[in-house]
Amino acid sequence: MQSLPSFVYQARPARIVFGPGSLQDLEREVLALGAERALVLSTPGQRKLAEALADRLGSRAAGIFDRAVMHVPIEVAQEAREMARVRRADCAIAIGGGSTIGLGKAIALDSALPILAIPTTYAGSEVTPIYGITEGGTKRTGTDLRVLPKTVLYDPALTLGLPVNLSITSGINAIAHAAEGLYARDANPVIDLMAEAGIRAFAMALPRIRADAADIEARSGALYGAWLCGTVLGNVGMSLHHKLCHTLGGSFDLPHAQTHTAVLPHALAYNAPAAPDAMRRIARALDAADAPRGIYDLAQNNGAAVALRDLGMLESDLDRAADIAIANPYWNPRPIERAALRQLLQAAFDGAPPHVGGYR
Ligand code: NAD
């Protein structure tokens, strides 16, 4: 029998309701929270979905706040909180991707309003206690159990309209949580199981979604993967890959899921020499010979952009990106070396295949 390392596993409280058509259980789930009136949150683009949800709730709907945007500006969060107060909402329902769920979290942070999350992307925010709020142009992030949604309702039918390209990149965004979870300093065997199963779920589902966006079985597999990978993000620490993506997203305004997709093969190649067991597990879940190359192929074979240059990054900003990323680094299995990091960023910029054996 394999010897087990010492570990700490801290379960996070969450009620997960999963399945095609599970939206029909919405009223039951609102009542199970001990709530009676829900404020529905969405982006402007998902307003129709929010309206359908409010119609379904009837008198239990306290209104719709449809102005969720990326990075949760504090002013928007304050307006949403005020609307919840004026309309006497006793819970909020966040239906959408990480931006809408992030707005729900900002409301919960100082109102203690329970959040019911209905994710429609694979970002995974719904099962993490991590929040981010932008104030005066700076994004402040933190971890607080008050922001963790009390209930998550995963209905794959709601993801049928997620554009194929965003489905692929959002799926690889989720895989990034699981991949970094496998070499986290505070990793544990239970989370490892979820990470590997999450990556496998996406490896199987994404090519099928590319072939047929309305394949409900594949959509279910991907949303199941999103839950598993998001749970990994909520339980163990993230490393170089997430630091790089926060830098690129925050300082250079690159799109979230697409940036994760372009960077992940290279961040894994950088860490591969220091995390052989994690690489073996990632490769096994992908059914690939090599973990970094397996992620690169998953992205490219399914039509995702693999070059930061195609996402709006400027080559002249790569040096500054490397400087920002090495300032206040997250813990990483391999020490952060400026020259190697700069090489990694160049390869991600060019969309080159990840270096076998890591960057030096
Ligand atoms: P997003 O929420 O910004 O959504 C992108 C766009 O897609 C939006 O316009 C949205 O309305 C639309 N959309 C979402 N679902 C759709 C669907 N099914 N059909 C059609 N359109 C749909 O993108 P995201 O990648 O889900 O979230 C990114 C944000 O979430 C980032 O700000 C990131 O920092 C945050 N995030 C936070 C955590 C956390 O734990 N705190 C985890 C992951 C991501």
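An oxygen atom of the ligand lies 2.6 Å from a polar side-chain atom of Thr121, a polar contact being a pair of N or O atoms within 3.5 Å. Ser99 likewise places an N or O atom of its side chain 2.6 Å from a ligand oxygen, and for Thr43 the distance from a polar side-chain atom to an oxygen of the ligand is 2.7 Å. The ligand on its own has 870 Å² of accessible area, of which the protein covers 79% (Shrake-Rupley method, 1.4 Å probe). This is a predicted model, in which local features need pLDDT of at least 70 and side-chain atom pairs count only at pLDDT 80 or more, whereas totals for chains, interfaces and linings use all residues. Residues are numbered from 1 along each chain as its sequence is written, and side-chain values use heavy atoms, with hydrogens and water left out.

The shell around the ligand holds 22 residues, of which Thr43, Ser99, Thr120, Thr121 and Thr128 come nearest (a residue is near if one of its heavy atoms lies within 4 Å). By class, the shell comprises 12 polar, 8 nonpolar and 2 charged residues (Ala, Val, Leu, Ile, Met, Phe, Trp, Tyr, Cys and Pro count as nonpolar, Asp, Glu, Lys and Arg as charged, and the others, Gly among them, as polar). Helix α4, spanning residues 98–111, gives the most to this shell, with 3 residues (helices are DSSP runs of H or I, at least four residues).

Another helix, α6 (residues 189–211), contains Val190. Val190 is partly exposed, because its relative accessible area is 34%, between the limits of under 20% for buried and over 50% for exposed.

Conventions: A polar contact is a pair of N or O atoms within 3.5 Å; within protein, one must be able to donate a hydrogen and the other to accept it, and residues adjacent in sequence count only if both atoms are side-chain atoms. Helices (H or I, at least four residues) and strands (E, at least two) are DSSP runs, numbered from the N terminus. Buried means under 20% relative accessible area, exposed over 50%, partly exposed in between (1.4 Å probe, protein chains only).
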